[in-house]
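Hello,

Here is the structure I said I would pass on. My notes on it follow below.

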Amino acid sequence: MSAFLEIAQLNKIYHSQRDPLYALKDVSLDIEQGEFVSVVGASGCGKSTLLKCVAGLEPISSGRLALQGDPIVCPPSNMGVVFQRDLLLDWRTILDNVLISAEFHDLSRKDYEERARAVLNLFGLGAFADRFPWELSGGMRQRASICRALLVDPQLLLMDEPFGALDPFTRDELNEELQRTWMDTGKTVLFITHSISEAVYLSDRVVVMSRNPGGVAAVIP
Ligand code: ADP
Ligand code: MG
């Protein structure tokens, strides 16, 4: 049987006015359902490119990319993404920012409002549901963006340096909250970070990437 998330001989070349750039070369990695896998590597080694390809946001040049056996050609419906910037919309309340996931999936807002409040509660934001993003701290904003990703209960959670812009105290707190969520829900997580300690603390396996072109240098259980 194939892995939950299958990445095989993946190549990604960016074509621009300059020379073609090999961002990912021959990347292969199987991720099992429920696994927490981190990817670490120096800036520019292709971590975000890998995540965007898996998210179906960037087309691959060659190779195979499949989620539960289905080739990924557009953003899969059972996936949530968290980026380093929280990307909250300043003109929407926190509740409405979280509910945007339901809108993207063409689901009824009414059906999801209760769940949105429950997820916000879980991340300590229950009292802030009706506030605006600019009224929240950086850590709270990033919590809200995690809530947004979790709203429709996706099986796969993709995170690109989600805590990179936070102070170390908040980062530790969010690491614990993420770990708790992962253990409670059994989600599969692909987590990108440049913090080795964060990767070691959170993961079942740590993938170390090499640079120019981006590839897998080592996979450490
Ligand atoms: P990382 O997330 O590890 O810092 P990226 O995946 O963002 O690395 O970038 C990998 C390489 O691909 C870098 O050399 C970067 O300049 C290049 N790159 C990223 N996105 C694009 C793009 N849209 N067009 C052209 N080159 C890109
Ligand atoms: Mg990046």
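Helices (H or I, at least four residues) and strands (E, at least two) are DSSP runs, numbered from the N terminus. The model is predicted, so local features need pLDDT of at least 70 and side-chain atom pairs count only at pLDDT 80 or more, while totals for chains, interfaces and linings use all residues. Residues are numbered from 1 along each chain as its sequence is written, ligands are numbered from 1 in the order in which they are written, and side-chain values use heavy atoms, without hydrogens and water.

The ligand comes first. Helix 1 gives the largest share of the shell around ligand 1, 3 residues. A residue is near a molecule if one of its heavy atoms lies within 4 Å of it. Among the residues around ligand 1 are Tyr14, Lys47 and Ser48.

For Ser48, a polar side-chain atom lies 2.8 Å from an oxygen atom of ligand 1. Lys47 has a polar backbone atom 2.9 Å from an oxygen atom of the ligand. A polar side-chain atom of Tyr14 is 3.4 Å from a nitrogen atom of ligand 1. The cut-off for a polar contact is a pair of N or O atoms within 3.5 Å.

Now the protein as a whole. Its secondary structure comes to 6 helices and 10 strands. The C-alpha trace spans about 50 × 40 × 35 Å along its principal axes. Of the 221 residues, 52% count as buried, that is, under 20% relative accessible area (1.4 Å probe, protein chains only).

Regards

Terms used:
A polar contact is a pair of N or O atoms within 3.5 Å; within protein, one must be able to donate a hydrogen and the other to accept it, and residues adjacent in sequence count only if both atoms are side-chain atoms. Buried means under 20% relative accessible area, exposed over 50%, partly exposed in between (1.4 Å probe, protein chains only).
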